[in-house]
Amino acid sequence: MIPIKNKEGIAGMRDACRVAADVLAKMRALAAPGISTYDLDQEAKKLIEGYGARSACFNYRTSRGQRAYPAYTCISVNEEVVHGIGSIKRILRPGDIVSLDVVVEYRGWIGDNATTARIGATAPEVDRLLKITEAALYHGIECAKVGNRIGDISHAIQTFVEGNGFSVVRDMVGHGVGRSMHEEPQIPNFGRKGTGEKIRPGMTLAIEPMVNMGVHRIETLSDGWTIVAADRKPSAHFEHTVLTTETGPEILTIPTA
Ligand code: MF3
Ligand code: CO
């Protein structure tokens, strides 16, 4: 069952998503040559706590037995797709790209969003990877309309990305989000039109294309978390939490500060 949020739930999600978006925007502004991923993560921790929120990532486990996530945000550099551990001291250098993923819990509700930033000047093909991934997110969001199905979102993202010569990661998916970080439904970034659950008003969906410049296959590093592109080519990730309404999708993770 896909949880449907009532008025209070929607208000709670709005607040949590605003915090997540503000933290992400501020973190993005700090991402520049010379800063380490550790420092970025520590800054994010302070920002999150300043809002009276907490990181939903810290200590998170995706399955029983998995090592608890040891950082406050996910910071993934270049060939790292997602779940790069922000507590590792990697210095960002010109030409790098860095995906920042901020998930906060605020007053019992969770907001989830991600962006990929350029560090200094990057190669033209890398710039294109970022542009296409972000545009794919918006194409997906446009399909999050009442009466459509989840597969319509998936299909829009996949056809746009592949039409532009890149590949979508298949082993990681977007998801419903609310009282917990991962709720039904799963939202793959590939799929067929007209398949999957029907979209109804009051769903809160984390739509998150992960796009590889090379092959779609991924591997997990020995730290148990960091996901990398199997061919070690660059990868990008953009994510918003979206509320479905009778009048269309509404992006909740828009920064205000
Ligand atoms: N936004 C990611 C997700 O939706 C981040 C969570 S992974 C965590 O899965 F371990 F850091 F929590
Ligand atoms: Co997510």
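Which residues of S2 are buried on one side, and which on the other? The legends below take up this point and others in a predicted model.

**View 1. Strand S2 is covered on both faces.** On one side of S2 the buried residues are Cys74 and Ser76, and on the other they are Ile75 and Val77. Strand S2 comprises residues 74-77. An antiparallel arrangement relates S2 to S4, the two being joined by 4 bridges. Within this pairing, Val77 has Val98 of S4 as its bridge partner.

**View 2. The largest nonpolar core contains 40 residues.** Those that touch the most other members are Met27, Leu40, Tyr69, Leu92, Val98, Leu100 and Val104. Two or more residues of this core come from each of H1, helix H2 (37-50), strand S2 (74-77), S4 and S5. Helix H1 supplies the largest share, namely 9 residues. Val98, named here among the residues with the most contacts to other members, is also the residue of S4 that is bridged to Val77.

**View 3. Four protein residues donate to the cobalt ion (ligand 2).** The donors are Asp112 through OD, His175 through NE2, Glu208 through OE and Glu239 through OE, and they lie 2.1 to 2.3 Å from the ion. Along the sequence, the spacing of the donor residues is D-x62-H-x32-E-x30-E. Asp112 belongs to strand S5 (residues 109-118), whereas Glu239 is placed in the loop between strand S13 (235-237) and strand S14 (240-245), so this pair ties together parts that are 127 residues apart in sequence. Both Asp112 and Glu239 are buried.

**View 4. The largest pocket has a volume of about 470 Å³.** Its lining consists of 25 residues, and nearest the centre of the pocket lie Thr62, His83, Met172, Val173 and His182. Strand S4 (97-106), strand S7 (174-176) and strand S8 (183-187) are the elements that each give two or more residues to the lining of this pocket. Strand S8 accounts for the largest share, with 3 residues. Classified by residue type, the lining has 13 nonpolar, 8 polar and 4 charged members.

**View 5. The second largest pocket has a volume of about 220 Å³.** A total of 16 residues line this pocket, and Leu24, Arg28, Ala114, Thr115 and His240 are those nearest its centre. The elements giving two or more residues to the lining are helix H1 (7-30), S5 and helix H3 (124-142). Helix H1 gives the most, with 4 residues. The lining divides into 9 nonpolar, 4 polar and 3 charged residues.

**View 6. Three strands form an open sheet in the order S6-S10-S13.** The pairing within this sheet is antiparallel. Strand S6 (167-168) and S13 are the edge strands, each of which pairs on one side only. Strand S10 (residues 210-212) is joined to S13 by 3 bridges. One position in this pairing is Asn212, whose bridge partner in S13 is Ser235.

Definitions and conventions: Residues numbered from 1 in each chain as written. Chains lettered and ligands numbered in written order. Predicted model: local features only at pLDDT ≥ 70, side-chain atom pairs only at ≥ 80, totals over all residues. Heavy atoms only, no water. Donors = N, O, S within 2.8 Å, 3.2 Å for Na, K, Ca; no water. Buried < 20%, exposed > 50% of the residue type's maximum accessible area, 1.4 Å probe, protein only. 1 Å grid on protein atoms, 1.4 Å probe; cavity = no way out; pocket = protein on both sides within 12 Å on 5 of 7 lines; lining within 4 Å. Points joined across faces, edges and corners; volume = space filled by probe spheres on them. Nonpolar A, V, L, I, M, F, W, Y, C, P; charged D, E, K, R; others polar. Pairing = 2+ DSSP bridges. Core = buried A, V, L, I, M, F, W, Y, C linked by side-chain atoms within 4.5 Å.
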